[in-house]
Amino acid sequence: MAGRDLPSSLAVDSDAIPARWFKKSPTDIITELAHARGITNVKCAKMSSFKTLYTDGSEKEWALWYRLARMRGMYMWSDNVGGLIIDKLGYALAPSYQFGRPNTGRTNGWMAVVEVNEANSTAGRKRKVIMYGEVAKKGSTYAVQAVDTSIKGWRKQPNVVTTTKKAESQASAKVEADNDMFDTIVGAKEITVTIRDYGVLIEQNKMAPVNMPESGLDRVWFTVGVTRAAYRPGMGYRHCVPLPATGRAPSQAVPATSSPLPGAWSADTTHK
């Protein structure tokens, strides 16, 4: 069975109605719009107000909410029980889960890994984003840029020139350019560990050390929840947990749809 959680499916499939707000915080805007869509479980961090904010109707609800959150340095995700969360990432939190082999004498709390897959993709990376904007009242233009310094040694250094219609100032345009750049770094390095069912609810926005010396893994990763669960008779449930490298957490505006595990792990016998 494949599907999406309630908050993301409602928000992604709904168009944002053109609107303009004055001296209102993203916290109030997102909460009110989410409630209007039937999403009642909303946990939204306090964010400072905008002087003026608008949407022209070209965005989906999810994209609008996500844009507002990122303009105030927050992230947005939906949890395992149908809640919508807007908050900072928990890089400073103590580890909540431990995968692999115990690296100390204590074995309590460690979850054995059945399989591990590593993804290290450079597709879509950008070296520089140059963004132009306009101050309508003054009739002047400005330019801002964001640079990915981690790939300065590459021979191919893709540059992107774009414009912004949503930034209200040069400072907010810089934030938009930085977010655009950051989105190309997301997922550049990620591992997925497969574990059996330990009766533990693995939540997003948590830290998890992974110790697998045979795979060269011995560091702390960031959890983004369980994307897939499957059942094989006599084996119980197994879960796949994607773990992006810290500092490269998910920030894409449209959440991916979950899908079943392939072949023998799928409860659907027609799935190949």
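**Helices, sheets and a pocket in a predicted model**

Helix 2, spanning residues 26-36, has five named buried positions: Pro 26, Thr 27, Ile 29, Ile 30 and Ala 34. The structure described here is a predicted model. The buried residues of helix 2 pack against several elements, namely strand 1 (19-24), strand 2 (42-44), strand 3, helix 3 and strand 5. Just past the end of helix 2 comes Gly 38, with a positive phi of about 90°.

The loop between helix 2 and strand 2 contains Ile 39. Is Ile 39 buried or exposed? The relative accessible area of Ile 39 is 2%. Buried means under 20%, so Ile 39 counts as buried. Its contacts can be listed. Leaving aside residues up to four places away in sequence, Ile 39 touches Pro 7, Leu 10, Ala 34, Trp 65 and Leu 84. One of these, Ala 34, is also among the buried residues of helix 2. Another, Trp 65, is a buried residue of helix 3. Ala 11 lies 28 residues from Ile 39 along the chain, and the C-alpha atoms of the two are separated by 9.1 Å.

Helix 3 covers residues 61-71. Of its eleven residues, ten are buried, and the helix is described as mostly covered. The buried set includes Trp 62, Trp 65 and Tyr 66. It also includes the charged residues Glu 61, Arg 67 and Arg 70. Leu 64, Leu 68, Ala 69 and Met 71 are buried as well. Gly 73 follows helix 3 and has a positive phi, near 75°.

Strand 4 runs over residues 75-78. Which way do its side chains point? Tyr 75 and Trp 77 point one way, while Met 76 and Ser 78 point the other way. All four of these residues are buried. Strand 4 pairs with strand 5 (residues 84-87) in the antiparallel sense, over four bridges. Within this pair, Trp 77 stands opposite Ile 85 of strand 5.

An open sheet of three strands was found elsewhere, with the order 10-9-11 and mixed pairing. Strand 10 (140-147) and strand 11 (159-163) stand at the edges; each has a single partner strand, so one side of each is left without a neighbour in the sheet. On average, neighbouring strands of this sheet are turned by 20° against each other, direction ignored. Strand 9 (residues 128-135) pairs with strand 11 in the parallel sense, over five bridges. Here Ile 130 stands opposite Val 161 of strand 11.

The second largest pocket holds about 490 Å³ of space. Its lining consists of 17 residues. Which of them lie nearest the centre? They are Ala 136, Lys 137, Ala 167, Glu 168 and Ser 169. Strand 3 (50-55) and strand 9 are the elements that give two or more residues to this lining. Strand 3 supplies the largest share, four residues.

Finally, the protein as a whole. It has 272 residues, of which 39% are buried. Its elements are four helices and 16 strands. Among contacts with a separation of 6 or more, 67% join residues 24 or more positions apart. The protein exposes about 15,000 Å², and carbon and sulfur atoms supply 51% of this area.

Notes:
Residues are numbered from 1 along each chain as its sequence is written. This is a predicted model: local features need pLDDT of at least 70, side-chain atom pairs count only at pLDDT 80 or more; totals for chains, interfaces and linings use all residues. Side-chain values use heavy atoms; hydrogens and water are left out. Buried means under 20% relative accessible area, exposed over 50%, partly exposed in between (1.4 Å probe, protein chains only). Contact means heavy atoms within 4.5 Å. Accessible areas come from the Shrake-Rupley method with a 1.4 Å probe; for residues, only the protein chains shown count as cover. Two strands pair if DSSP finds at least two bridges between them. Axes are lines fitted to C-alpha atoms, for helices over the stretch in contact, and angles run from 0 to 180 degrees between N-to-C directions. On a 1 Å grid over the protein atoms alone, a cavity is a set of points where a 1.4 Å probe fits but cannot get out, and a pocket is an open set with protein on both sides within 12 Å along at least five of seven lines; lining residues have an atom within 4 Å of a point. Grid points are joined across faces, edges and corners, and a volume is the space filled by probe spheres set on the points.
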